[in-house]
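Okay, everyone, thanks for coming. Let me put the structure up, and then I'll walk you through a few spots in it.

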Amino acid sequence: KQKEAQKQLKNIKLMVSDKDEDIFFDDVAGIGDAKVELQEIVDFFQKPERFRQSGSRIPRGVLLCGPPGTGKTLLARAVAGEAGATFIALNASEFVEMFVGVGASRVRDLFAQARAAAPAIIFIDEIDSVGRIRGGAKGNDERDQTLNQMLSEMDGFDNDSSVIVMAATNRRDILDPALIRPGRFDRIVYVPLPDYNGRIEILQVHLNRRPHSADIDYHELAFETNGYSGAQLANLVNMAATVASQAGRDEIQNSDLGKALEFERLGPERPAYSEAARRRIAAMEAATALACTLLPAIEPVTLCTIVPREKHPLGQTVVKANEDRELTGLFTKRYLEEQLLTVLAGRAAEELIYGPEEMSTMQQRRLIDARRIVQKLVVSAAMTPNPAIGPRTISVPRRFGSSLMQAVTRFVPSELHSEADREMEALLAEAYATVKQLLVRNCAALDSLMAALLEKNTLGGEEVQALVEQHAAAEDLQRRD
Ligand code: ADP
């Protein structure tokens with residue numbers, strides 16, 4: 001009978017998984033306690049009598065909350081896989097569309113079919129698109145009716161029912177409270193973005209499905225993919241597989257993952273520029289890479305390129321990621337001051353090489369970056385030693401809330417603002433002079449980096465390091481070490 005019902009579901013393209021493509025908990029990695037919490041659902045499907053006898057509340061609806069691509073759909077499929085349940089999936093907006101016009105009866109049919117194919121999970125992705133808080137001037141009848149009917153079906157589940165509705169959302173904040181009442185989606189499971197160890201586990205799950213060499217540096221990869229979701233990590237492994245196969249290999253190597261990561265960051269290549277533009281870009285990127293390498297608080301350069309790429313059409317210098325900094329916003333004064341120098345290096349090189357009359361607009365963005373950095377130094381983090389300003393925060397970042405911002409700025413005398421402006425101008429001017437001197441002292445290193453870039457287009461971290469060590473001024477090399 002279950003087989004028959006499953007066949008029907010397949011005919012209307014609702015059932016997605018077949019036995020041979022079942023997903024299990026082991027396929028889902030790096031999601032903290034979510035699996036432990038969902039084990040309860042699996043237990044319920046496997047031993048419903050025991051559940052009922054113990055008087056535990058029968059689960060009916062589970063809401064999976066978390067950012068896109070963290071594995072919510074995968075997890076719902078894994079619950080079905082572990083429990084041997086039929087998995088019926090639909091996207092919430094399809095759900096509404098499907099029922100437009102026909103309304104409630106189709107929802108009833110769906111639940112009836114699910115019961116016939118029980119044990120079953122009905123999975124509704126993006127539930128927020130039907131389940132957002134109702135009311136407001138523009139009601140949406142069809143959406144509301146679909147949702148009402150779904151809720152009333154869930155309310156009607158009796159204790160013998162072996163159907164559970166699982167829904168996913170990344171907008172828990174806008175959901176109608178009626179959805180999460182007891183007896184509806186009363187189990188809420190959070191599926192977070194993976195942390196460092198989680199990223200290692202996810203990379204392993206995906207790499208273990210394919211031939212790969214023993215040289216994979218999971219530590220480095222997890223470190224460099226801070227903020228990536230499970231789906232992005234899976235995509236990275238897929239891209240690495242493509243890179244490997246283009247090189248005529250079956251086996252994924254560490255360098256293939258490095259190339260995939262680079263591709264992910266910089267985007268596809270764009271058509272080449274004229275030789276004159278290439279030279280100018282090479283001067284700027286060489287200066288940036290030189291400054292990054294010589295300044296002690298800046299992480300080492302991992303890549304320097306003048307190839308125009310979709311996300312960075314004017315070349316790019318990439319430094320090693322620093323997880324602390326990215327997670328906590330831990331920026332020291334010294335780091336910010338040196339970062340300011342690296343941001344101004346391209347412009348300083350342009351002025352030194354081409355002269356003040358031949359400067360271009362290419363560095364506009366970096367000038368805006370520079371202004372943001374001095375603003376952080378002087379205003380938002382109040383790190384300036386200027387006694388006229390001192391540790392008085394005269395602007396509050398928006399994320400601390402606008403009321404606090406208003407409260408703080410109201411009591412700040414306007415002289416303080418002018419003083420801060422002067423301080424920022426002075427810092428910018430001083431930094432610009434400092435980086436120019438740094439480039440002049442190290443013009444041999446700058447020349448060699450530029451020549452190497454023009455010849456090879458892209459330099460790896462070690463090549464940059466070697467050229468700088470060979471040609472840079474002794475005093476700068478010493479300060480760095
Ligand atoms: P969501 O439903 O949260 O948007 P999906 O479950 O659709 O995310 O994830 C898409 C794909 O990304 C999965 O099929 C899987 O290949 C990969 N993926 C995402 N999260 C994980 C994870 N936690 N563990 C392993 N793979 C994952």
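So, where is the place of Pro119? Pro119 is in the loop between helix H6 (104-116) and strand S3 (120-125). By helices I mean DSSP runs of H or I with at least four residues, by strands runs of E with at least two, numbered from the N terminus.

Before going on, the housekeeping. Residues are numbered from 1 along each chain as its sequence is written. And this is a predicted model: local features need pLDDT of at least 70, side-chain atom pairs count only at pLDDT 80 or more, and totals for chains, interfaces and linings use all residues.

The bond joining Ala118 and Pro119 is a cis peptide bond, with omega about -5°. Most peptide bonds are trans, and most residues other than glycine have a negative phi.

Glu126 has a positive phi, near 50°, and sits in the loop between S3 and helix H7 (128-131). Asn457 has a positive phi too, near 70°, and lies in the loop between helix H19 (443-456) and S8.

Buried or exposed? Buried takes 20 or more other C-beta atoms within 10 Å of a residue's own, exposed 12 or fewer, and partly exposed is in between, with C-beta atoms placed from the backbone. Glu126 has 19 C-beta neighbours inside 10 Å, so it counts as partly exposed. Asn457 has 15, so it counts as partly exposed as well.

Strand S6 (residues 301-305) is joined to S8 by three bridges, and Leu303 has Gly460 in S8 as its bridge partner.

Now helix H13, residues 275-294. Its 20 residues reach 28 Å from first C-alpha to last, close to the 28 Å expected at 1.5 Å a residue (that's 1.5 Å times one less than the number of residues). Of those 20, 15 are buried, so H13 is largely enclosed by the rest of the structure.

Notes. Pairing = 2+ DSSP bridges.
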